Amino acid sequence: MKLYCLSGHPTLPCNVLKFKSTTIMLDCGLDTTSVLNFLPLPLVHSPRLSKLPGWVSKDGSANLEKELKECAGRVFVDSQPEFCLPERELLDLSTIDVILISNYHCMMALPYITEHTGFTGTVYATEPTLTIGRLFMEELVNFMERVPKAQSATCWKNKEMQRMLPGPLKDVVDVWAWKRSYSIQEVNSALSKVQLVGYSQKVELFGAVQVSPLSSGYSLGSSNWIIQSHHEKVSYVSGSSLLTTHPQPMDQSSLKNSDVLILTGLTQMPTANPDGMLGEFCSNLAMTIRAGGNVLVPCYSSGVIYDLLECLYQFIDSANLGTTPFYFISPVANSSLEFSQIFAEWLCHNKQSKVYLPEPPFPHAELIQTNKLKHYPSIHGDFSSEFRQPCVVFTGHPSLRFGDVVHFMELWGKSSINTIIFTEPDFSYLDALAPYQPLAMKCVYCPIDTRLNFHQVSKLLKEVQPLHVVCPEQRCSVLNLPHRRRYERIYILPELANSLVPSEIKPGVSLATVSAVLHSKDNKHTLQSVPKPPPVAPSKKRKRVLEEPPAVLAPKTLLSGAVPLEAFLATLQKHGFTEVKVEETADGHILHLQAEDTLIQLEEDGTHIVCDNNEPLRTTLRDLVLRFLQKL
Amino acid sequence: MPEIKVTPLGAGQDVGRSCILVSIGGKNIMLDCGMHMGYNDDRRFPDFSYITQNGRLTEFLDCVIISHFHLDHCGALPFMSEMVGYDGPIYMTHPTKAICPILLEDFRKITVDKKGETNFFTSQMIKDCMKKVVPLNLHQTVQVDDELEIKAYYAGHVLGAAMVQIKVGSESVVYTGDYNMTPDRHLGAAWIDKCRPDVLISESTYATTIRDSKRCRERDFLKKVHESIERGGKVLIPVFALGRAQELCILLETFWERMNLKAPIYFSTGLTEKANHYYKLFITWTNQKIRKTFVQRNMFEFKHIKAFDRSYADNPGPMVVFATPGMLHAGQSLQIFKKWAGHEKNMVIMPGYCVQGTIGHKILNGQRKLELEGRSTLEVKLQVEYMSFSAHADAKGIMQLIRMAEPRNVLLVHGEAVKMEFLKGKIEQEFSIDCHMPANGETATVQTNPSVPVDISLNLLKREMALGGPLPDPKRPRTMHGTLIMKDNSLKLVSSEQALKDLGLNEHQLRFTCRVQLQDQSPEQETLSRVYTHLKSVLKGFSVQLLPDGTVMVESILIKVSSSPEDPDSKTLLLSWSYQDEDLGSFLSSLLKKGLPAALC
């Protein structure tokens with residue numbers, strides 16, 4: 001069992017597990033932190049960004065002013081943002097049999113893998129994961145395609161050049177593997193390879209292993225995976241949460257008795273308590289609005305935003321924010337809000353029971369109905385005419401490099417009455433803000449990361465008690481998992497099973513010798529009775545048959561036990577061997593059957609019969625000896 | 001030999017009060033718990049005294065599974081769980097769990113409040129009963145206990161309808177509930193994988209029907225409604241609040257839109273809006289098309305269909321009314337029917353199956369004079385039309401499902417005996433498998449022949465597979481040999497050597513040495529080489545060696561030659577072999593006894 005680690009990002013993993021005869025990719029995360037090295041993509045022409053000075057090294061030897069721009073002491077690439085793909089050289093990705101997705105954040109690299117590596121397998125994901133993952137991809141493509149950039153910067157990637165650049169550009173690795181966003185065709189093609197699964201559904205892979213998703217409590221449809229055969233169990237824990245938010249709670253008990261537990265996607269904000277952050281979020285929001293300022297919340301279009309809206313739903317009236325407009329701007333805002341209401345099966349118990357009434361599970365339905373929350377596909381169109389300030393805007397992308405958020409940064413950044421509140425933990429907020437400096441706007445950092453923290457992990461491990469825990473972390477590393485397989489499941493067909501004769505050799509332990517034909521098909525093994533030889537040909541040919549030597553590979557039966565002298569003598573007596581002379585030796589006895597001129601040497605661990613070529617006599621004696629022995 | 005027993009308490013050669021008991025691998029499961037629309041007495045509910053004469057059912061049943069929310073499948077549930085007594089788990093899908101209590105409450109109201117019956121379950125009992133429900137997701141494997149597992153498949157029939165696979169060890173049963181093999185306007189088609197159950201319990205409502213294409217039926221339906229409206233007539237469509245009603249609503253809604261019709265369409269009872277809301281929230285259970293477009297346009301928000309008020313029935317002019325219940329056996333549909341039955345211009349369209357004993361069944365059979373409660377009679381003058389919109393599988397669909405699941409036996413329920421008989425013959429002929437159709441209270445027994453799962457040591461398996469080569473050779477089957485250790489309920493198959501080691505047993509060597517007398521004049525050395533040549537020519541495929549120390553070795557059998565000093569012509573061959581080479585050893589001794597062939601040289 002081997003584990004290949006293809007991503008260096010702690011919460012956007014991409015690992016490959018080789019187990020039995022299968023090659024399984026666990027998650028397909030896309031490391032988006034690379035985009036922080038790029039200039040933002042403005043929706044409308046930004047004089048500020050276009051006037052940024054180009055970068056020239058101090059001694060003037062390197063001139064990349066077309067590709068690199070300087071802003072507040074940092075250098076950014078002026079090009080369409082690029083993403084850091086999972087490692088593709090470590091192993092042949094076309095050999096991947098299946099890809100298991102744990103949540104919609106961890107599938108964003110899927111089109112790169114399924115479309116460009118010769119992948120021919122199947123991707124497994126839950127229905128909400130697929131639906132929301134698709135929304136995320138569509139949103140990403142939309143963000144990129146609506147502001148096309150003619151230029152594609154590559155000169156800075158030259159090793160010689162890169163060495164001269166200031167940090168952090170100087171230190172980024174594998175820049176040639178960075179890729180632009182995929183197209184919508186690639187998204188559709190990639191997602192057509194997804195097969196939907198439900199929690200606790202058992203999926204057979206080539207008869208060799210069985211995989212099954214379990215609720216992980218982190219997001220809608222998020223799952224951990226069990227990969228098991230009859231004798232081995234590997235748990236893949238990725239992005240799990242023990243907190244009570246909107247998704248179905250984490251299924252911990254099914255992780256028990258794992259031989260290996262692969263642990264990824266732990267919280268990146270172990271010190272930030274999500275509840276506390278939520279409170280801080282609300283109070284900062286209210287404070288800014290009361291002072292007449294606007295609030296910008298850069299966020300993903302699904303996930304924590306549902307919790308934020310729910311929190312605000314309870315908070316709005318008590319904080320006197322009833323008249324403040326809340327805007328949610330994203331090409332997929334409407335879909336995200338609508339879809340969230342139809343996945344009752346995947347929600348926590350509280351929300352689930354609402355649909356029985358029938359009421360929509362999330363209160364944002366009511367916010368929309370009462371016109372407190374409005375959603376728009378982009379800042380263009382209806383939004384520009386209906387837009388009122390002061391307001392609260394939820395929009396993406398949280399990296400602040402593309403999407404409608406760029407526009408609001410330019411619009412509100414210069415005034416100190418406005419506030420930007422970061423809630424997504426994926427990006428360092430200082431890095432995110434860097435190309436907008438100098439900035440007058442207030443910045444509040446309330447990262448809400450509900451994934452497992454160290455304390456919760458140790459509690460979880462105590463609870464489920466895996467034999468081994470593996471935490472892949474280094475990109476491009478290969479781990480040999482410490483597990484040896486010793487048994488495999490085999491099925492004995494009823495006919496054979498009925499013919500077995502068990503005998504008890506110790507209290508509670510029985511043995512039966514099995515001679516059978518092994519059939520292996522689709523990694524399933526069965527044992528069948530040995531087919532009876534074809535009926536012996538008529539007597540004419542009988543002689544010939546006798547002369548036929550036995551089959552070369554006849555089964556070898558072992559014997560166990562000992563032949564007790566007294567009992568054996570009695571048996572001999574009973575069968576007409578009366579003249580027996582017993583002689584004691586160092587290791588046992590020698591029995592001399594005088595009438596038959598035969599010696600039987602009895603020892604603790606062996607019996608030797610020496611006789612003339614008298615086959616009936618020999619077989620009789622053989623069978624008498626065998627009476628005392630156990631066949632194995 | 002293990003067996004699976006199936007006993008219908010209801011729906012055995014009948015439609016109504018579906019309730020089937022299954023015993024499999026020591027587990028007892030009740031499939032559905034329905035009521036019969038055709039009866040108002042004890043026969044309304046399944047006869048639970050079959051399970052036990054006195055007391056509660058909890059200890060006799062491991063679980064109860066409800067396939068969908070129609071009352072003939074869940075109508076007796078509160079009676080069973082609260083009045084007879086059952087506290088174990090009841091499994092149903094989320095939509096069924098949501099809608100079932102509403103229909104039960106409706107049913108209760110009609111029976112108790114309108115008909116004034118006593119000794120019936122109460123609202124509280126419905127609530128208590130629903131507390132015992134465990135929701136089931138599609139394809140999720142639910143472990144009822146350590147041995148019993150169940151899995152739901154999409155059945156299509158109504159929102160949330162499911163087929164269930166019940167599995168204990170390697171034995172399994174699939175119960176279809178009601179299902180539909182063709183997608184309709186709002187639901188998808190039933191699907192199951194090739195799970196090869198021992199028994200497939202299938203409904204057979206339309207066992208003998210092969211229905212024409214859906215499009216034709218829809219066109220027919222719209223034409224009839226349209227003609228009646230044009231004539232100024234009123235059209236009554238008795239439906240069940242959820243299910244077919246939504247499909248027909250979608251159909252009429254689009255037709256009204258396209259034809260720009262103005263006649264009002266009403267939907268009776270307060271359930272409409274609520275029902276449509278359920279469809280909205282459980283949209284993942286509808287068909288692909290509705291799911292894809294729901295963000296832009298929700299199919300269940302109707303523009304032309306309005307809520308019905310009792311007073312509207314007397315309004316002049318044409319109208320279409322969907323009213324519940326669907327078999328005209330009670331409630332609003334029956335009231336409206338009584339009002340409209342006297343006019344030839346009006347029409348009633350029965351879009352689904354009607355159980356014997358209901359007014360729906362009577363008028364469909366051409367009865368024109370109905371006796372009502374209170375000895376009055378009702379003359380039926382309005383047009384009666386029947387259109388099969390029931391989302392049941394037809395004969396073709398049932399055969400299709402059998403082909404999909406590949407069961408070893410089929411058992412038919414939920415159909416009429418005569419029709420079942422016909423289908424049974426067809427199934428047995430086409431698939432050459434047994435088909436059963438027990439009546440209520442009758443038990444069908446199916447023998448199963450499960451394989452025994454055993455853990456084989458990987459070493460042994462790999463060794464065997466390496467020896468056996470990549471492809472099996474049917475002409476020379478390889479026999480593998482091993483020892484099965486049975487200990488603490490575990491079965492392990494290991495090599496004999498391993499078994500000795502694992503169990504701490506000593507090996508006992510059994511050897512044989514045989515003296516064979518030969519008459520041969522040549523010196524010992526030559527005799528030996530003649531023996532060698534002879535054996536070499538006879539034993540093809542064996543390893544035969546002439547060792548320098550004066551022995552011939554065949555596999556591990558040793559052969560030595562000695563001559564007695566008195567008679568140099570008489571030689572003694574000593575054959576020595578261990579018990580493991582018994583066959584070969586025995587063969588050699590008889591072979592050599594016959595002497596050596598004449599010297600060739």
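Predicted model: local features only at pLDDT ≥ 70, side-chain atom pairs only at ≥ 80, totals over all residues.
In chain A, residue A:Ala125 stands opposite A:Leu196, which belongs to strand E10(A). Strand E8 of chain A, residues 122–125, runs parallel to E10(A), and the two are joined by 3 bridges. Both strands belong to an open sheet of 7 strands in chain A, whose order is E10-E8-E7-E3-E2-E1-E23 and whose pairing is mixed. The edges of this sheet are formed by strand E10 (194–196) and strand E23 (477–480) of chain A, each of which pairs on one side only. From one strand to the next, the twist averages 25°.

Strand E28 (residues 551–554) and strand E29 (residues 557–563) of chain B run antiparallel and are joined by 4 bridges, with B:Val552 having B:Ile559 of E29(B) as its bridge partner. The hairpin of E28(B) and E29(B) has 2 residues between the strands, and in this hairpin B:Glu555 takes a positive phi near 50°. E29(B) also pairs with strand E30 (residues 570–578) of chain B, again in the antiparallel sense, over 6 bridges. Here the bridge partner of B:Ser563 is B:Lys571 in E30(B), and the hairpin that joins E29(B) to E30(B) passes through 6 residues.

Helix H14 of chain A, which spans residues 454–464, has A:Gln456, A:Val457, A:Leu460 and A:Val464 as its buried residues. These four lie on the same side of H14(A), because the arc that they cover around the axis is only 100°. In general, an α-helix has 3.6 residues a turn, so residues three or four places apart point the same way. The buried residues of H14(A) pack against strand E15 (260–264) of chain A, whereas A:Phe454, A:His455, A:Lys459 and A:Lys462 are exposed on the other side of the helix. At the start of H14(A), the backbone nitrogen of A:His455 has a side-chain oxygen of A:Asn453 within 3.2 Å. The residue that follows H14(A) is A:Gln465, which has a positive phi, near 50°.

The largest nonpolar core of the model has 278 residues, and those with the most contacts inside it are A:Phe394, B:Ile201, B:Phe221 and B:Phe337. Helix H3 of chain A, residues 127–145, gives the most to this core, with 9 residues. Apart from this core lies another, of 45 residues, which includes A:Leu621, A:Leu626, B:Val531 and B:Ile559; B:Ile559 is also the partner of B:Val552 in the bridge described above. In soluble globular proteins, nonpolar side chains tend to be buried together. For B:Phe337, when its neighbours within four places in sequence are left aside, the residues in contact are B:Leu236, B:Leu328, B:Val348, B:Ile359, B:Ile363, B:Leu370, B:Leu378, B:Val380 and B:Leu382.

Between B:Leu467 and B:Arg478, which are 11 residues apart along the chain, the C-alpha atoms are separated by 8.7 Å.

Notes:
Residues numbered from 1 in each chain as written. Chains lettered and ligands numbered in written order. Heavy atoms only, no water. Buried < 20%, exposed > 50% of the residue type's maximum accessible area, 1.4 Å probe, protein only. Arc of directions from axis to C-beta. Contact = heavy atoms within 4.5 Å. Polar contact = N/O pair within 3.5 Å; in protein donor to acceptor, adjacent residues only side chain to side chain. Core = buried A, V, L, I, M, F, W, Y, C linked by side-chain atoms within 4.5 Å. Pairing = 2+ DSSP bridges. Axes fitted to C-alpha atoms, helices over the stretch in contact; angles between N-to-C directions.
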